[in-house]
Amino acid sequence: MHNPQLNKHGELQHLLTIDGLPKSIVNHILDTASSFVSVSDREVKKVPLMRGKSVFNLFFENSTRTRTTFEIASKRLSADVINLNIAASSTSKGESLLDTIDNLAAMHADMFVVRHATSGAPFLIAKHLNDTKQHHVHVVNAGDGRHAHPTQGLLDMYTIRHYKKDFTNLTVAIVGDVLHSRVARSDIHALTTLGVPEVRVIGPRTLLPGGLEQMGVRVFTDMNEGLKGVDVIIMLRLQNERMSGALLPSAQEYFKSYGLTPERLALAHPEAIVMHPGPMNRGVEIDSAVADGPQAVILSQVTFGIAVRMAVMSIVAGNSGSDA
Amino acid sequence: MHNPQLNKHGELQHLLTIDGLPKSIVNHILDTASSFVSVSDREVKKVPLMRGKSVFNLFFENSTRTRTTFEIASKRLSADVINLNIAASSTSKGESLLDTIDNLAAMHADMFVVRHATSGAPFLIAKHLNDTKQHHVHVVNAGDGRHAHPTQGLLDMYTIRHYKKDFTNLTVAIVGDVLHSRVARSDIHALTTLGVPEVRVIGPRTLLPGGLEQMGVRVFTDMNEGLKGVDVIIMLRLQNERMSGALLPSAQEYFKSYGLTPERLALAHPEAIVMHPGPMNRGVEIDSAVADGPQAVILSQVTFGIAVRMAVMSIVAGNSGSDA
Amino acid sequence: MHNPQLNKHGELQHLLTIDGLPKSIVNHILDTASSFVSVSDREVKKVPLMRGKSVFNLFFENSTRTRTTFEIASKRLSADVINLNIAASSTSKGESLLDTIDNLAAMHADMFVVRHATSGAPFLIAKHLNDTKQHHVHVVNAGDGRHAHPTQGLLDMYTIRHYKKDFTNLTVAIVGDVLHSRVARSDIHALTTLGVPEVRVIGPRTLLPGGLEQMGVRVFTDMNEGLKGVDVIIMLRLQNERMSGALLPSAQEYFKSYGLTPERLALAHPEAIVMHPGPMNRGVEIDSAVADGPQAVILSQVTFGIAVRMAVMSIVAGNSGSDA
């Protein structure tokens with residue numbers, strides 16, 4: 001099937017997933033983000049690239065943190081932002097998702113930033129807009145179910161490139177609840193695309209999905225084994241609801257086996273960096289001494305995340321739709 | 001009593017209701033909206049007409065859809081927008097409505113867009129502002145109780161004019177729950193003002209208010225009879241709470257008698273247009289084949305609605321208060 | 001301990017409390033506010049002083065009224081505003097307050113307007129930002145627990161100066177629930193700093209804190225005694241939850257002893273002004289005849305409040321951090 005995120009010239013018209021995204025487009029996003037990092041340091045942090053454009057933050061699932069990063073990115077691009085908490089809105093009046101989308105598109109929206117608890121919802125929206133030739137609206141996936149969180153994956157790649165320069169000689173470990181993580185999935189696709197030779201996944205069996213080996217990933221259930229010599233450690237957030245369920249004995253037990261302590265960090269390469277998508281559970285998946293230590297680049301991820309979102313938004317807004 | 005929405009020069013300083021609004025003012029709004037329709041198609045969709053003005057969206061009743069259309073319209077006029085969900089705010093602290101209004105006016109507000117569950121609330125606010133000589137603040141009614149929804153009425157007129165050009169040879173049918181509809185009331189006033197020779201209302205007796213005949217409206221309880229030869233069909237939304245109450249047997253029964261199907265639509269003039277204020281209940285008041293068919297102009301209504309709201313806001317903001 | 005709201009040049013880099021604020025800084029804020037009062041009267045009510053700056057309204061406690069005044073002030077300074085209702089956000093995911101702060105600071109925030117139910121929270125945030133050398137972010141306290149509400153105190157001073165010109169010959173009475181009022185505390189500090197020779201506090205013993213006399217305040221439990229000859233009356237809001245608790249018999253009883261009626265107002269200086277921070281409980285702490293009478297300056301307080309907040313925000317944004 002045709003990938004609905006690319007137009008017929010192979011340009012990015014929506015950002016739905018990193019899976020299948022050509023390396024050249026990933027690099028173009030990272031290069032563009034690089035130019036925006038400096039914008040955020042200026043006295044006036046705005047560029048007029050999306051002046052007069054209307055960006056709708058369509059959050060069918062609440063996420064203040066992610067919504068804020070997109071709102072900031074939109075405003076620094078000089079766009080007008082409309083925040084819609086859709087759970088509380090028309091869908092409760094029985095209107096279908098696609099009727100809501102058509103309505104907002106008819107207001108001459110330029111972009112939908114979509115967060116949805118159901119995997120595939122942003123894909124469905126983008127496909128509908130393409131099928132109905134509403135090519136003026138671009139979709140950016142801000143997290144859908146367990147499927148993807150592509151801007152998080154891209155900001156992780158930006159961060160790794162910033163600190164490590166070259167992807168082709170790295171060993172990267174992703175640690176924790178991979179099963180429920182859209183971040184892990186996006187990261188694995190991106191790391192593979194960019195030529196990382198060794199991607200490892202570390203976690204308890206109950207929190208690892210099947211099929212990892214087929215994706216070219218090395219699987220470890222022993223954290224000490226898995227961390228040996230790695231250059232990049234991506235810690236995942238342990239969702240509160242997992243902490244005392246069927247899948248895990250308790251948060252304390254988890255920390256004992258998979259918490260990143262200074263001792264464990266010492267097993268990695270001496271210049272390894274530590275990443276985390278936030279919000280952190282200190283004392284559950286990560287020790288405060290690591291979170292606040294010199295190898296953590298967690299706050300840099302946040303800073304780069306704004307620039308990466310500005311890059312994605314300005315790139316897709318500049319590309320015409322499928323038929324153009 | 002003096003109509004509080006006109007200043008002493010007969011200009012529109014507030015928009016409260018279409019009832020009693022002179023035809024010249026209605027036409028001025030529609031003409032102004034026409035110039036804004038093209039603005040929304042431009043690369044930069046903003047005009048500086050309300051730059052530096054402060055628009056307060058005062059929603060005492062939640063309506064994400066209507067709030068969004070006014071927020072978009074305000075931003076395209078370059079106004080600053082403040083969204084206030086008042087139900088959750090000061091009124092819960094025991095402050096009176098008019099104290100809240102005085103407070104916001106003292107912040108040098110320029111416009112209140114008011115949505116309220118009580119009929120007459122925007123009228124009360126406008127009268128209070130006039131009486132206390134707070135002439136710098138303009139009120140736009142965004143729906144009050146069962147009373148009026150004038151911008152919806154005006155965008156319906158814009159849509160009809162766009163497709164049919166001349167009002168004076170039209171037959172227009174309004175179908176459904178007229179009893180509980182502020183849209184129907186606004187539409188009937190507007191259609192009459194603009195010289196439509198035949199306005200019909202179609203619905204079950206339990207959902208029709210008294211006094212329709214006195215307003216010059218023809219009443220039909222048989223939909224097939226009522227649709228014969230009409231040029232414009234305005235479908236009304238059936239509120240969920242009516243579907244299984246004392247007034248109606250069920251949603252299925254309603255659809256059987258009053259749902260707009262392709263077969264019924266064929267009774268109207270071959271070039272009849274189908275309108276709906278949204279959100280639609282597909283399969284209740286309207287069949288999907290009609291909603292998505294070539295005669296439906298429902299999404300055009302949404303697009304025109306932004307332009308009509310821009311027109312109303314810029315016109316009232318430009319007119320001075322009662323004493324000026 | 002070093003006052004974290006001043007940088008090493010003694011300039012205001014955060015506004016946390018009026019307590020200990022030098023008179024010169026208070027006067028500088030009031031003088032700057034004076035220039036902004038006229039801005040609000042202009043056709044275009046914006047100045048570009050904070051163009052491209054990102055202001056985060058961090059409301060850990062809901063207060064639509066206060067949030068609105070800061071949002072308006074920010075927009076009139078041309079800043080970008082992000083509203084965060086934090087109660088509903090990351091803290092519910094177990095993230096610590098300071099992790100949330102670091103995250104938002106990493107988005108290149110320029111200012112946090114902080115409202116928190118816990119006394120000292122804005123102080124803690126400012127100290128953390130100073131300690132971690134995140135000097136690009138400025139903190140403005142928008143009310144913390146029972147501790148302080150400095151912009152309310154400053155707008156009260158602006159109002160008094162506007163009507164009375166000279167502070168050094170005034171008698172000012174603060175009436176009501178002083179015990180639970182952050183407004184009262186801020187006002188007492190400000191009045192003392194500005195050289196008001198006599199500050200009185202009037203209220204029932206159960207609603208007066210200890211230590212007032214040591215602050216140089218005269219205490220009255222008899223309202224008629226306390227109002228004699230005063231130039232300024234600052235009424236406090238009686239919180240609903242006090243009205244029928246252990247501290248007070250009832251709202252009616254309270255009004256009988258401490259409600260400001262025309263008869264009681266006649267005991268004050270004939271040109272005395274009446275102030276109230278809002279929202280008012282008419283018939284509880286204040287009679288409508290007084291609230292709407294010629295001596296009330298309650299709505300002027302609101303108007304001046306916008307200008308004072310613009311002054312505070314532009315001043316702190318213009319001063320560099322501790323190390324600079």
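Which residue of chain B forms a salt bridge with Asp99(A)? The legends below concern a predicted model.

**View 1. The salt bridge between Asp99(A) and Arg282(B).** In this predicted model, the partner of Asp99(A) is Arg282(B), and the closest N and O atoms of the pair lie 2.6 Å apart. Between chain A and chain B, three salt bridges are counted.

**View 2. The interface of chain A and chain B.** Chain A contributes 25 residues to the contact, and chain B contributes 26 residues. The two chains bury about 2200 Å² between them, with 49% of this area on carbon and sulfur atoms. Across the interface, 11 residue pairs are in polar contact, both residues being at pLDDT 80 or more. On the side of chain A that touches chain B, the elements giving two or more residues are β1 (54-59), β2 (80-85) and α3 (97-106). The residues of that side comprise nine nonpolar, eight polar and eight charged.

View 3. Pro122(A) counts as buried because its relative accessibility is 1%, and the cut-off for buried is under 20%. Leaving aside residues up to four places away in sequence, Pro122(A) touches Leu16(A), Val114(A), Val139(A), Asn141(A) and Asp144(A). Gly143(A) stands 21 residues from Pro122(A) in sequence, and their C-alpha atoms are 8.6 Å apart in space.

**View 4. Chain A laid on chain C.**

Terms used. Residues numbered from 1 in each chain as written. Chains lettered and ligands numbered in written order. Predicted model: local features only at pLDDT ≥ 70, side-chain atom pairs only at ≥ 80, totals over all residues. Heavy atoms only, no water. Contact = heavy atoms within 4.5 Å. Buried area = accessible area lost by both parts, 1.4 Å probe. Salt bridge = Lys/Arg side-chain N within 4 Å of Asp/Glu carboxyl O. Polar contact = N/O pair within 3.5 Å; in protein donor to acceptor, adjacent residues only side chain to side chain. Helix = DSSP H or I, 4+ residues; strand = E, 2+ residues; numbered from the N terminus. Nonpolar A, V, L, I, M, F, W, Y, C, P; charged D, E, K, R; others polar. Least-squares fit on C-alpha atoms with pLDDT ≥ 70 in both. Buried < 20%, exposed > 50% of the residue type's maximum accessible area, 1.4 Å probe, protein only.
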